[in-house]
Amino acid sequence: RVVLDTNVWVSGQLWRGLPWKLLRLVEGGAVEPCMTAEMLDELGEVLNYERLQPRLRELGLQPVDLVSYAFDLATFFEVSPGPVIVTDDPDDDVFLRCAEIANAVYVVSGDRHLIKLKRHASIPIVTVHEFLATEFPSELN
């Protein structure tokens, strides 16, 4: 079980590269992504950013297609609000709370606010590269 930050979902769905390889592992059942409704909402908001529209058009996709993709692959959890964890960006707290509730093994992110924490509640916060290097090193070849 892992929690994937919004940036991992977006990068993996819109471009090739390591986040895309991670999502292929998710599709194959090797990785179980954990998510909350709030995280899914954030994904929908980000996918509607104007700067992403040219890429979505190029791929012939709508934001709803990619939100549905994540919805179909993820296991959902409910989290309760609590004290701020990520003081630089409290909106990131939902990812850490989800990881705790889901008993996730990793939080995978490209967000500097999360990465600089290194871990939360004994759960490592790693980049996609670090995750793949540790758990699926053959994917880096």
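Which residue does the side chain of Glu27 meet in a salt bridge? The partner is Arg24, at 2.6 Å from N to O, where a salt bridge is a side-chain nitrogen of Lys or Arg within 4 Å of a carboxyl oxygen of Asp or Glu.

This is a predicted model, in which local features need pLDDT of at least 70 and side-chain atom pairs count only at pLDDT 80 or more, while totals for chains, interfaces and linings use all residues. Residues are numbered from 1 along each chain as its sequence is written, and side-chain values use heavy atoms, with hydrogens and water left out.

By the salt-bridge rule the count comes to five, and the table gives some of them.

| Salt bridge | N to O distance |
|---|---|
| Glu27 and Arg24 | 2.6 Å |
| Arg55 and Glu58 | 2.5 Å |
| Lys116 and Asp88 | 2.5 Å |

Arg55 and Glu58, in contrast, both lie in helix α4 (residues 53-59), three residues apart; helices (H or I, at least four residues) and strands (E, at least two) are DSSP runs, numbered from the N terminus.

Arg55 is buried at 18% relative accessible area, whereas Glu58 is exposed at 60%; buried means under 20%, exposed over 50% and partly exposed in between, with a 1.4 Å probe and protein chains only.

Met39, found in helix α3 (residues 37-47), counts as buried because its relative accessibility is 2%. Leaving aside neighbours within four places in sequence, Met39 is in contact (heavy atoms within 4.5 Å) with residues including Val3, Phe95 and Cys98.
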